[in-house]
Amino acid sequence: MLAFLLKRTANAAFVMLAVAFLAFLIFRSFGDPVEMMVNEQATQEDRAELRERLGLNDGFFTQYVRFVTNAVQGDFGISYRNQQDVMVLIAERLPATFELVLVATVISLVVGIPLGVITAVHRDSRLADALQLTSIVGVSLPSFVVGILLILAFSVTLGWLPAFGRGETVDIGWWSTGLLTPSGRAALVLPAVSLSTFQITLVMRLVRAEMLESLRADYVKFARARGVPRRRVHWVHALRNCLMPVITLTGMQIGNLIAFALVTETVFQWPGMGLLFIQAVTFVDIPVMAAYLMLVSFIFVVLNTIVDVTYAWVDPRLRDDTAKAGASNG
Amino acid sequence: MKLRHFLFVTAATSALALPAQAQNILDWGANRDIGSLDPYSFGDSFTINVLNHVYEGLVRYDRDLAIEPALATSWEILDDQVTWRFTLREGVTFHNGNPFTAEDVQASLERVSHETSPLKGNLPAYVSSKVVDDYTIDVTLNGTYPLLLNDLTNIHIFDRDWLVDNNAELPTDIGAGVEGYATYNANGTGPFIVESRQPEAQTVFTVNPDWWDEAQHNLDGFVLRPVTSPATRVAALLSGEIDFTNDAPVQDLPRLEASPDVNVLEGVDLRTVMIGFPFRETLASGEPNPFADIRVREAMYKAIDLQLIHDRIMRGKSRIAGAVVAPPIPGYTEDLDTIPAYDLEGAQALLAEAGVPEGLSFEFNCLSDGLVNEEQFCQALASMWSRLGLEPQLDVAPRAVQSPKRTGGKTDVYTLGWATLPMLDSYSPLIQIFHSKEGNSGVFNWGDWSYPELDALVQAAGSELDLDTRLKLQNDAMRIIKDNHIMIPLHQQPMAWAVTPAVSDMPLFPDNKPRLWFARMGGDG
């Protein structure tokens, strides 16, 4: 097991290095940050001098090694545009994105699971068909369109919820939360709903498929035969057996949601990491872009590693040392 | 229990910090956030514009964009012609209570022109300064220079003691990787005080009760709230979440105008949109370059249906331009502002006469995040030139990608918008764009042209202290530009702000900079 863990960690580290390498390749085609940093009246010499000071004239490999060396020590440098420590900038925005993703995940489970059960149990009813159809719309509408439609309905026409921003936040240590104030909660509704639409559909379809399988299982028939109420059979016995894949999927999707949040954050001016990244792209703020990409890939890598390790722990066949033995047996 | 108590207290204090309903707090929904609280941090005119509410210069623009005294009350040029003596306003205090004196001016001028300052180009003529007494300072320039006051409108004055105490005398040097105190804190003399700032969310400004000038505004404060997405900004305005935006999207104007809850303020920007040509030996493709021939440029000018672009793409909101500067800019005269008639056949004849091969292919470089409707008018231009018999290869991408191509001569024909900011004088485009590329001049001369006659006029203007003589020189230089079609002016682009009825007065400035110290709210105006 220890060997497996080490191997997984080494893999993860290699992936991170590769991401940093790719990120640096991409930055080369992003343009010249110096052109964005100086004002219109700066001379050619001023520009060249600044480029030199930022180390942009160094070779690709030198820049890459310097970046990795600093990044390992947790130093991502200073944002070109905001002139703030990049880690501080990201740490300031992390709570906003995290809360958004968390609430969106909760919404997707709270809405998606019951819908999945209903469509599975009443699979030939009109209601189920209608829900299935709506779910296709949910998957196919891009999330910025959903966001704009929600704003149009709930902010402009009805005037119930704010169209943008995060409302009032309360600081608990370095973490800022909008969950404790009425305006913060109101501001969270539309972005979270808009971010969760895709996820709801995903959860609903997964639960439906799993439920259909469970409903055919013997224990459901026996439970029914024994006189357990239908409702209890569906919502307790069958559903419980469907939840394992849902939990796995939800865990894996958190990385995706953080990445998707970028669009939602732009539409709702949600002051999270995605908005920071978009802004950094516009201004060729290389330190911020690099740190964001590293952080997001780090989250992905960590989630995947955790899942792998858990699986290996649960299922010994997946461990490398026993896998060979298993293969020879098979 | 303890945590709950703590939370309650934090929530209560933040509620107290919120202004009461009856006050005049203006919610400003901007299309982007300021980069930092340090005006010398990034070559960004929007950040300087917003921070001008907090920091002031020695002189400032009045409601008609004429220069008037601010922190300096008077000035004179000493006998050596290169030293300017400024008499400073007495009784001015910074927001932290420190008095304003000549030492503050010196520290600020040194800071902005320090070699690591990204803004040093804003004060190009500065050499040194000498404190004469508390309220007198001598500023020495590198030569006779008529536009020092124009430059100084945008040089914000810091408190020297505050800079020293917080180790912020030098601008933040990103190369060194160290943060600066002024990035997070502000201390100026201006009409508003920064109360709090949450980047990308909101920056709260409250009125400065001790401002030295008599306030024309009746605000108790304002909140800058960036809303990047245009659709969301329009929605926020319609739902009354913001009172004002300085960027009402052109495509949404009819809808905003139709709404009873929004007043649209429309005008024409000072920014003149121009087309530039390469004058190099070869095109970016390596083929011989025909654009150095004036007949080719004239043909391309005549093949542009300016009226059509105005009517269809700019929706009738732009102003068709014949000169490279807008009418309010000193140096402009009406006789420069003529346009040739659209004449496709004449243009084709000119092109044939110049011996340009049929189907000549060239790069046409436009920005996707630059001027108003740039992508659309670039497409229109490309199809108009195709009709002429050329083959423009339209290349549209964000500024960050296009700038290196433009400055490095890796493209051919390009767009450029120039508003003469922050100088508001025709000297600005002449020295920056049209002068030959040498030393500090012609930084935006991306086509590499050189007209010695024009250079001589611009240089003469740059050291001419008499206003009328100087403007005559600049006007002559612009005549050369016009006669040679060095660049083709298209139009001054439209600008639109929008306010809710809560705002009773919001003067629209053609340099597209909001100045909220002139804004009024409510009916008590």
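Two strands pair if DSSP finds at least two bridges between them. Helices (H or I, at least four residues) and strands (E, at least two) are DSSP runs, numbered from the N terminus. This is a predicted model, in which local features need pLDDT of at least 70 and side-chain atom pairs count only at pLDDT 80 or more, while totals for chains, interfaces and linings use all residues. Residues are numbered from 1 along each chain as its sequence is written, and chains are lettered from A and ligands numbered from 1 in the order in which they are written.

**Exercise 1. Describe the hairpin formed by β8(B) and β9(B).**

Step 1. β8 (residues 192-198) and β9 (residues 202-207) of chain B pair in the antiparallel sense over six bridges.

Step 2. One bridge links B:Ile193 with B:Thr206 in β9(B).

Step 3. Three residues lie between the strands, and B:Glu200 in the turn has a positive phi of about 65°.

**Exercise 2. Work out how α5(A) and α10(A) pack.**

Step 1. Helix α5 (residues 86-121) and helix α10 (residues 230-268) of chain A pack at an angle of about 145°, with axes 9 Å apart.

Step 2. The residues that meet include A:Leu100, A:Val101 and A:Ala104 in α5(A), and A:Ile254, A:Leu257 and A:Ile258 in α10(A). Contact requires C-beta atoms, placed from the backbone, within 7 Å.

Step 3. Sorted by class, this contact has twelve nonpolar, four polar and no charged residues. Ala, Val, Leu, Ile, Met, Phe, Trp, Tyr, Cys and Pro count as nonpolar, Asp, Glu, Lys and Arg as charged, and the others, Gly among them, as polar.

**Exercise 3. Is B:Asp335 buried or exposed?**

Step 1. Locate B:Asp335 in the loop between β13 (319-320) and α10 (344-353) of chain B.

Step 2. Recall the cut-offs: a residue is buried if 20 or more other C-beta atoms lie within 10 Å of its own, exposed if 12 or fewer, and partly exposed in between.

Step 3. B:Asp335 counts as exposed because it has 11 C-beta neighbours inside 10 Å.

**Exercise 4. How many residues of α6(B) are buried, and what do they pack against?**

Step 1. Seven of the nine residues in α6(B) are buried. Among them are B:Thr232, B:Arg233 and B:Val234.

Step 2. These buried residues pack against α7 (143-157) and α10 of chain A, together with β1 (25-30), β11 (244-245), α7 (253-258) and β17 (487-499) of chain B.

Step 3. Just after α6(B), B:Gly240 takes a positive phi of about 80°.

Definitions and conventions: Axes fitted to C-alpha atoms, helices over the stretch in contact; angles between N-to-C directions. Contact = placed C-beta atoms within 7 Å.
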